[in-house]
Amino acid sequence: MSTPRISPDTPYTPRVQDSHATPAPAGDDAMGTPRISLCAPRVQDRYAAPAGDDAAGTPRIPGNDYGVLSAPAPGTWEPRLPVSVVIPARGRQDRLDLTLAALAAQTYPSHLLEVIVVDDGSAPPLRLPEIAPEHTRIVGNAPGRRGIAWALETGTAIADGQVIHRMDADIVAYREHVEAHMRWHHLAGYMVVTGTLRFTAMAGTPPTPAEVRIAVAKDRAGSLFEEDPEHGHDWIGELIAAHRDFRDAPSSLLHRVHVGATVSLPAALLRETGGLDTSLALGEDTELGYRLTQTGAVFVPDAEALSWHLGTTTAMRRPADVRRHNDPFIADRIPYRRHLRTDAGRQWLVPYVDVVVDARDASFEDVRASVDGALASTLPDVRVTLTGPWASLAGERPAPLDDPLLDLRLLRGQYAHDGRVSFAERVPATSAPAPFRLVCPAGWVPGAESLAELIEQAEKDDEGLLLVALDEDESGVLAARLERTSAVARAMRVAREGERLDDVIAELHGATWLDAESWKLRPAARAYPSWATNRNREAARWRATAESREREAERARRQVAALKAELKELRAAAAKGSRDTVRWKEKAEQRRLEAVALRQAQQRSLLGRAARRLRTLTEGP
């Protein structure tokens with residue numbers, strides 16, 4: 001079997017096996033396998049450019065460091081993009097009236113601003129108040145479609161704006177709120193902007209819509225309400241502050257600030273992501289934020305996009321209930337929430353890593369070794385994608401043992417009913433929504449910890465690409481590659497004509513070479529099938545071993561606790577003995593001094609008697 005390699009004359013920096021490239025025409029080499037430069041092929045050869053995206057004029061933002069852009073101050077620039085503010089609403093006409101009154105006083109040009117209120121089954125139906133932006137309409141959700149996600153889908157489907165600005169129906173925006181959002185969208189076409197909320201308990205008599213409009217127009221929105229000291233998004237503020245206004249935030253954290261009260265993004269980006277997940281009753285904003293990260297979006301929490309939130313959120317009033325409801329759905333859809341994926345033996349809707357193995361021109365045994373090694377990973381959420389000409393298996397089948405497509409047919413038979421394995425003619429541009437992809441050459445087997453350790457390594461510095469050098473000979477270097485989905489997607493957006501994609505990934509997210517032995521990737525001859533016993537039996541054995549070790553550890557912990565208690569008693573006894581020793585020593589010293597004094601007194605008494613007797617003898621009676 002011929003394996004793609006990197007020419008030794010090529011600089012030892014980015015790219016190896018091109019799992020995305022169009023199959024090479026026959027004659028590229030003796031086996032029909034292309035020789036691939038270590039550097040990536042041209043972008044248009046690998047990926048389709050995002051629709052409507054002019055890469056040549058798109059700013060290049062490293063990581064989430066939006067500070068490389070110069071956002072203009074409100075009032076100092078000329079807007080040109082139309083925006084659609086989409087507001088899902090159910091009941092509370094009084095609060096909606098205040099929301100629309102504030103939007104009627106925005107600095108963003110009225111001819112570029114439309115507002116779509118989606119009535120999510122209000123009784124009585126919502127009405128359009130007297131004070132509202134010029135281009136405002138109220139539409140209803142389709143029958144049987146209820147919830148915020150469906151309302152937003154309904155509103156965005158009919159929106160005319162190039163930017164969608166989602167806003168809740170209990171938000172009173174400051175005068176420059178929409179403009180603050182929109183200045184970022186004029187700079188780049190992959191920005192997700194979140195506003196800054198101030199919460200009010202709505203104590204006392206609320207202002208009228210007319211009062212709200214006047215206050216906002218005069219830039220006095222801050223005086224409309226009293227801030228609620230008991231409630232707020234302090235956790236968001238802490239995240240932002242901890243990561244330099246979120247410019248240093250790692251990829252796995254970006255979706256956390258995507259709360260739905262006030263957020264804006266390009267309509268094309270929303271369509272590319274797939275829109276809202278209408279199966280979710282809660283948490284749809286968080287889940288959408290996660291998928292947006294996988295498209296290479298940049299998240300900007302704008303401190304100048306201020307607004308009031310009228311009252312508290314459901315998550316503030318019933319946090320435990322909201323978490324209990326959301327956890328199963330979030331765990332299934334957001335692999336970054338590792339603490340929610342601790343159940344043994346589970347499979348998940350969105351994998352943490354997609355392992356791609358190319359079965360084209362590879363033997364059944366080599367491919368099986370690679371696939372089984374990946375599936376035996378200690379990570380519970382691994383998916384394998386097998387690429388090859390699977391469509392060619394259709395039609396009349398020749399003699400079984402002489403079938404020229406026998407290896408492909410055996411692979412199909414081996415994994416057709418394994419829910420973790422999928423078959424594809426070609427690999428898509430990214431493995432979204434999975435956050436990572438390992439492209440593993442057939443015949444190389446990742447160890448049980450390889451995937452987990454490689455991802456951990458990538459997460460340390462939020463790197464976009466890890467390349468593992470597997471083998472080298474006169475024809476070049478063979479390597480596996482761990483790709484960060486968001487980094488590949490970002491590079492696709494900004495790569496220029498003729499530019500190598502891996503160069504862009506390295507520039508914006510970083511790329512590192514590693515050696516195979518340290519990361520336990522071994523050829524099949526050394527790794528397989530010596531370890532390939534019954535997977536369930538092996539798992540049960542290791543689980544039993546782990547439980548046995550845990551029992552031993554528990555016994556050791558109890559013994560240590562007993563020894564600590566005994567040591568404590570001994571120390572107490574020793575301390576008491578020390579005190580007794582000091583006390584008796586003091587008493588002994590006191591007795592010694594008393595004895596000395598007594599002897600001295602006795603000596604003085606004897607001397608006195610002797611002196612008196614001597615005087616008697618010498619002087620007479």
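Helices (at least four residues) and strands (at least two) are DSSP runs, numbered from the N terminus. The model is a predicted one.

Q: Where does Pro 433 lie?
A: Pro 433 is placed in the loop between strand E11 (421-424) and strand E12 (436-439). The peptide bond that leads from Ala 432 to Pro 433 is cis, and its omega is near 10 degrees.

Q: Which form does the peptide bond from Ala 123 to Pro 124 take, cis or trans?
A: The bond from Ala 123 to Pro 124 is cis, with omega near 0 degrees, and Pro 124 is found in the loop between strand E2 (113-119) and strand E3 (136-140).

Q: What makes the phi of Asp 219 worth a remark?
A: Asp 219 has a phi near 60 degrees, which is a positive value in a residue other than glycine, and this residue lies in the loop between H5 and helix H6 (234-242). Asp 245, in the loop between H6 and E7, likewise has a phi near 60 degrees, again positive in a residue other than glycine. These values deserve a remark because most residues other than glycine have a negative phi.

Q: Why are H11 and H12 called roughly parallel?
A: The axes of helix H11 (residues 364-375) and helix H12 (residues 406-415) come within 9 Å and cross at roughly 25 degrees. Angles under 35 degrees count as roughly parallel, and therefore H11 and H12 are given that description. H11 passes H12 in a right-handed crossing. On the H11 side the contact is made by Phe 364, Glu 365, Val 367, Arg 368, Val 371, Asp 372 and Leu 375, and on the H12 side by Asp 407, Leu 410, Leu 411, Gln 414 and Tyr 415. Sorted by class, the residues of this contact are 7 nonpolar, 1 polar and 4 charged.

Q: How do you know that H2 and H5 are roughly parallel to each other?
A: Helix H2 (residues 93-103) and helix H5 (residues 209-217) pack with their axes 8 Å apart, at an angle of about 30 degrees. Because the limit for roughly parallel is an angle under 35 degrees, H2 and H5 therefore fall into that class. The crossing of H2 past H5 is right-handed. In the contact, Asp 97, Leu 98, Ala 101 and Ala 102 of H2 meet Pro 209, Val 212, Arg 213 and Val 216 of H5, a set that divides into 6 nonpolar, no polar and 2 charged residues.

Q: What makes H14 roughly perpendicular to H15?
A: The axes of helix H14 (residues 485-494) and helix H15 (residues 501-508) come within 9 Å and cross at roughly 115 degrees. Angles from 65 to 115 degrees count as roughly perpendicular, and so H14 is described in that way relative to H15. The contact joins Ala 487, Val 488, Arg 490, Ala 491, Met 492 and Val 494 of H14 to Leu 501, Val 504, Ile 505 and Leu 508 of H15. By class these residues are 9 nonpolar, no polar and 1 charged.

Q: Which residues lie nearest the centre of the largest pocket?
A: Of the 48 residues that line the largest pocket, Asp 285, Thr 313, Thr 314, Ala 315 and Val 322 lie nearest its centre. The volume of this pocket is about 1700 Å³, and the largest share of its lining, 6 residues, comes from H10. By class, the lining of the largest pocket consists of 18 nonpolar, 15 polar and 15 charged residues.

Terms used:
Residues are numbered from 1 along each chain as its sequence is written. This is a predicted model: local features need pLDDT of at least 70, side-chain atom pairs count only at pLDDT 80 or more; totals for chains, interfaces and linings use all residues. Side-chain values use heavy atoms; hydrogens and water are left out. Axes are lines fitted to C-alpha atoms, for helices over the stretch in contact, and angles run from 0 to 180 degrees between N-to-C directions. Angles under 35 degrees count as roughly parallel, over 145 as roughly antiparallel, 65 to 115 as roughly perpendicular and the rest as oblique. A crossing is left-handed if the near helix is turned anticlockwise from the far one by less than a right angle, and right-handed if clockwise. Contact means heavy atoms within 4.5 Å. Ala, Val, Leu, Ile, Met, Phe, Trp, Tyr, Cys and Pro count as nonpolar, Asp, Glu, Lys and Arg as charged, and the others, Gly among them, as polar. On a 1 Å grid over the protein atoms alone, a cavity is a set of points where a 1.4 Å probe fits but cannot get out, and a pocket is an open set with protein on both sides within 12 Å along at least five of seven lines; lining residues have an atom within 4 Å of a point. Grid points are joined across faces, edges and corners, and a volume is the space filled by probe spheres set on the points.
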